[in-house]
Amino acid sequence: MNRWLSDSALDRLREVADTPDLEGTRYRLVQKLGQGGMGGVFCVEDITLERQVALKALNLPPGDGAWSARLLQEARVIAKLEHPGIVPVHDAGTLPDGRPFYTMKLVQGKRLDEHLAAVGNISDRLRVFLRICDPVAFAHAHGVLHRDLKPANVMVGPFGEVLVMDWGLSKLMRAPRGNEEPATTSVIGRVGPTTEHGAVLGTPGFMAPEQTSGSTELDERADIYSLGAMLQSLVAEVHAVPRALAAIIRKAMAHDRRQRYRSVPELAEDVAHFLDGLPVKAYPEADWARAWRWISRNRAWILLLLAYMITRAVLILLRPR
Amino acid sequence: MNKALLGLILGGVLGIFDGLTAWFTPAVRSQMVGIVIGSTVKGLIAGVLTGYFARKVKSLPLGIVFGLGVGLLLAYAVAAMPDASGKHYYWEIMLPGGIVGVIIGYATQRFGQPAQTAAH
């Protein structure tokens, strides 16, 4: 083929082939936003509602039933996760060219890693992290694992809204059986691209060891590991990471998942406690350290009361006899 | 707890404590009851005024300055009244009174529920 067509002509052909056929639909193509392994994401205009939305469509030839079903399943799962931190799905179906698609809210913001470049304060970064934990915990509560949490999959909107994106690798878990385990692990369905038994999906550096090894027995602790890795990346530029925060990261990223936090709310609680200057579960501290932290937290009160007591004492000592 | 109530309680408690310290001044021990009552009322007034200010103005420095001003003003009003021998206790009353005002100003800005805006 290369003997007959130039590279640029080939690129153009690929571009045309990837472009979804929106003829006769309520959508009009505006621009391409991104390209994944099996599909593309496009900015389209919803003519009926007169607004721009994001359209995700497979770029596989029509007739691949398995992929089509999985894209639809992905859309259904995201649609069920109604949470301010999860991009809402608006529509799903099949395009005139036979490709399955779904549309979702068009998020116009920055990727987390880009957003954080302008946020130097560690407390502000941790507050963003806590807002990432919310939708992930919500998804877990609905039996959905994300499996690809990383800064590139988090968007921060112009009004500071934090959205967890790209649930293409997400996985359904069986409902929890009581409280003895954080979540049961057997896979009852997969949402994202085909996952052969033992296939490794995710992003190196953010994947839990059990995910890296291709285990199918994943549970929410795999996402907790990824959140720990994200937390580590958030404070990577901090010269001296406080011990308690380092302990939280270590616990979230423990190689043995039994040593990790049992749930995302538990991890978030420790981070929130760290922010508030309260003790964290991951870092047992000595009594003197606890007392010092209490004094540090209440130093304004203590100084004011001390000033009052000293004044009173001085006045009593200096009173005329 | 709203800020005015917080100021009222804190002012009252500190006022009682402030009045009780008069016990260390033998010359005025005989007037302890009156001193404690007066000091408590002074604390309550300072507390409620500072708390009300905190409901309206959300600023730690301004809250502290307002508390200090109210504390000093009320303490001055008390100190301006001489004892039986005609002696005034400006320092003894105004210094702790000012600090109590600062404490209330700080507390009402940092803690307590702010005023709620009515929905329209």
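Predicted model: local features only at pLDDT ≥ 70, side-chain atom pairs only at ≥ 80, totals over all residues.
Residues are numbered from 1 along each chain as its sequence is written, while chains are lettered from A and ligands numbered from 1 in the order in which they are written.

Chain A holds an open sheet of five strands, in the order β1-β2-β3-β5-β4, with antiparallel pairing. Strands (E, at least two residues) and helices (H or I, at least four residues) are DSSP runs, numbered from the N terminus. Two strands pair if DSSP finds at least two bridges between them. β1 and β4 of chain A stand at the edges. Each has a single partner strand, so one side of each is left without a neighbour in the sheet. From one strand to the next, the twist averages 25 degrees. Such angles run from 0 to 180 degrees between N-to-C directions, and axes are lines fitted to C-alpha atoms, for helices over the stretch in contact.

The pairings of this sheet can be followed strand by strand. β1 (residues 27-35) and β2 (residues 39-46) of chain A run antiparallel and are joined by seven bridges. Here G34(A) stands opposite V41(A) in β2(A), and K32(A) has F42(A) as its bridge partner in β2(A). Eight bridges then link β2(A) to β3 (residues 51-58) of chain A, again antiparallel. E45(A) faces Q52(A) in β3(A) across this pairing, standing opposite it. The hairpin of β2(A) and β3(A) has four residues between the strands, and E50(A) takes a positive phi near 55 degrees there. β4 (residues 89-94) and β5 (residues 100-105) of chain A are antiparallel too, with five bridges between them. A92(A) has Y102(A) as its bridge partner in β5(A). These two strands form a hairpin with five residues between them. In its turn, G98(A) has a positive phi of about 90 degrees.

Another open sheet of chain A has three strands, in the order β6-β8-β9, with antiparallel pairing. β6 (110-111) and β9 (162-164) of chain A stand at its edges. Each has a single partner strand, so one side of each is left without a neighbour in the sheet. Two bridges connect β6(A) to the antiparallel strand β8 (residues 154-156) of chain A. K110(A) stands opposite V156(A) in β8(A). Helix α4 (residues 122-141) of chain A lies across β8 and β9 of chain A, and runs at about 45 degrees to β9(A).

Helix packing was examined next. Two packed helices are described by the angle between their axes and the distance between the axes. Within chain A, α7 (residues 243-252) and α8 (residues 264-275) pack at an angle of about 170 degrees, with their axes 10 Å apart. That makes α7(A) roughly antiparallel to α8(A); angles over 145 degrees count as roughly antiparallel, under 35 as roughly parallel, 65 to 115 as roughly perpendicular and the rest as oblique. A244(A), L245(A), I248(A) and A252(A) of α7(A) make the contact with L267(A), D270(A), V271(A) and F274(A) of α8(A). Two residues are in contact if their C-beta atoms, placed from the backbone, lie within 7 Å. Leaving out residues up to four places away in sequence, I248(A) touches D270(A), V271(A), F274(A), V280(A) and A282(A).

A helix pair also joins the two chains. The axes of α10 (residues 299-317) of chain A and α4 (residues 90-110) of chain B come within 10 Å and cross at roughly 170 degrees. α10(A) and α4(B) are therefore roughly antiparallel to each other. Contacting residues include L304(A), Y308(A) and L315(A) of α10(A), and W91(B), L95(B), I99(B) and Y106(B) of α4(B).

The largest nonpolar core has 67 residues. A nonpolar core is a set of buried Ala, Val, Leu, Ile, Met, Phe, Trp, Tyr and Cys residues joined through C-beta atoms within 7 Å. C133(A), V136(A), L227(A), M230(A), I248(A), A252(A) and L267(A) touch the most other members. Helix α6 (residues 220-234) of chain A gives the most to this core, with eight residues. Domain 1 (7-105) and domain 2 (110-275) of chain A both contribute residues, so the core lies between them. A second, separate core of 28 residues includes L44(B), L49(B), F66(B) and L72(B).

Chain B has four helices and zero strands. Of its 120 residues, 46% count as buried, a label that needs 20 or more other C-beta atoms within 10 Å of a residue's own.

Key:
Buried ≥ 20, exposed ≤ 12 C-beta atoms within 10 Å, placed from the backbone. Domains from an automatic or database assignment.
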